[in-house]
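Me: I am new to this structure. Please take me through it in short questions and answers.

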Amino acid sequence: MITYYRRCVMPSTKPDIFFDGDGVCTACRNFERRTQVDWDARRAEFERLVADYRDHSGNRWDCIVPVSGGKDSTAQVLKILELGLRPLCVTSTTCDLSDLGRANIENLKSLGVDYMEFTANPVVRRTLNRIGLELVGDIAWPEHVGIFTVPVRAAVEFRVPLIIWGENAQNEYGGPAHSELDRVLTRRWLEEFGGLLGLRVDDLPGQHGITEGDLASYRYPSDAELASVGVTGLYLGYFVPWDGLSNALLSEAYGFKSYQTAVEGSMLSFENLDNHQHGIHDYLKFVKYGFGRATDHACMQVRRGRLTRAQALTIVEMRDGKFPWTYLGKPLDDILRPIDVSVERFVEICDRFTNRQIFVTDADGDLVRDSEGNLTKINYDNEP
Ligand SMILES: [Zn+2]
């Protein structure tokens, strides 16, 4: 049995999120607090902070902006340009970049920014995808590391001290009370909340022929390197109101392209469009914890009063956690082939990570699947 939070539709199996006495989750409480924020004061605070980092010499950029080309980073860049900053936008290339993702990167550049894309060795990357999938049930492990490490590395190499991240994911998705108040992203945050699932870069040399040198792209700069440049990371989402749908509307007006329909396993057409492996990542999350992307999105919309909890439950049951036969139309076997995993092997891996306490099993304890290979949760809401 899964217990669900009473205000949104998140199950309590989600890590790093907590109940309060009323059965309300920390993410919903964080959102409540946002309504009391003096956003004018926050914006003024932001302008005061960045004033110290502005480059008046013409020798460097004012800030590094980590971007994926997605709707949030497109909106982030628009807001940063509006503040009169001159950013260097930095992308860590996704593991299996979609055509849509590439088009949105080109669109982001056309907003009028300097832009740099870093692509870690794809042969090593594929091995890391397989290690992540087999060892911690997350194909996206190297991508999570790269997203946080590459922009920080760029800040050190180009001696640009200020990094402006988008949103503190711990705020929207829950997380311990102390962490979401942080305005800055640190190594500790990365290790604790960056989605690394306890697998550290230092654990990897020797596995599947991975050498120390193969991992240079994944290493977070040392404290001494960070200190020599004075690297500071700020979350824009702390200083200006942050909302995915508003970001999508703004981005689309500036040429961002959405998918033609809600993405597989999701309820939206404008999120997670840049990597065909997203469906695999989200499905593993579903079998481990009983929620996928549709639950994440539905919770955000319930919090903002755009969906009722009842509507969200129906959407989640309809869309969430479907076996990822395709993602953005690309078949699963084509997505798995480069990392040398068959669909049969993938199903075995999923089964190994599946929490049998939350899915329907038969008399022998085997997982019950429908004709599409989908699992069924034992319960989709709390008992009345
Ligand atoms: Zn909640």
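Me: Which residues does glutamate 143 touch, not counting residues up to four places away in sequence?
Reply: This is a predicted model, where local features need pLDDT of at least 70, side-chain atom pairs count only at pLDDT 80 or more, and totals for chains, interfaces and linings use all residues. Residues are numbered from 1 along each chain as its sequence is written, and side-chain values use heavy atoms, with hydrogens and water left out. Contact means heavy atoms within 4.5 Å. By that rule glutamate 143 touches Thr94, Cys95, Arg125, Asn275 and His278.

Me: Is glutamate 143 buried or exposed?
Reply: Glutamate 143 sits in helix α6, residues 141-157. Helices (H or I, at least four residues) and strands (E, at least two) are DSSP runs, numbered from the N terminus. Buried means under 20% relative accessible area, exposed over 50%, and partly exposed in between (1.4 Å probe, protein chains only). The relative accessible area of glutamate 143 is 7%, so glutamate 143 is buried.

Me: How far apart in space are glutamate 143 and threonine 93?
Reply: In sequence, glutamate 143 and threonine 93 are 50 residues apart. In space, C-alpha to C-alpha, their separation is 8.2 Å.

Me: How many residues of strand β2 are buried?
Reply: In a regular strand the side chains alternate between the two faces of the sheet. Pro87, Cys89 and Thr91 point one way from β2, and Leu88, Val90 and Ser92 point the other way. Both sets are buried. For β2, residues 87-92, the count of buried residues is 6 of 6.

Me: Which residue of β2 is the bridge partner of proline 66?
Reply: Two strands pair if DSSP finds at least two bridges between them. Strand β1, residues 63-66, runs parallel to β2, and 4 bridges join them. In β2, the partner of proline 66 is valine 90.

Me: Which residue in β3 stands opposite serine 92?
Reply: β2 and strand β3, residues 114-118, pair in the parallel sense over 5 bridges. Opposite serine 92 stands phenylalanine 118.

Me: Which helix makes a β-α-β unit with β2 and β3?
Reply: A crossover is right-handed if, with the strands pointing away from the viewer, the path from the first strand over the helix to the second runs clockwise. β1, helix α3 (residues 71-82) and β2 make one such right-handed unit. β2 and β3 also belong to a right-handed unit, with helix α4, residues 99-109.

Me: Which residues are the protein donors of the zinc ion?
Reply: Donors are N, O and S atoms within 2.8 Å of the metal (3.2 Å for Na, K and Ca); water is not among the atoms, so sites may look incomplete. The donor residues are spaced C-x16-C-x2-C in sequence. Each gives its SG atom, 2.2 to 2.3 Å from the zinc ion: Cys8, Cys25 and Cys28.

Me: What is the relative accessible area of cysteine 25?
Reply: Cysteine 8 is buried, at 1%. Cysteine 25 is buried too, and its relative accessible area is 0%.

Me: Which residue with positive phi follows α14?
Reply: Helix α14, residues 293-303, is mostly covered, with 11 of its 11 residues buried. Among them are His297 and Met300. After α14 comes a residue with phi near 75°, glycine 305.

Me: How many helices and strands are in the protein?
Reply: Of the 384 residues, 54% are buried. The C-alpha atoms fill a box of roughly 70 × 50 × 40 Å, taken along the principal axes. The count is 17 helices and 7 strands.
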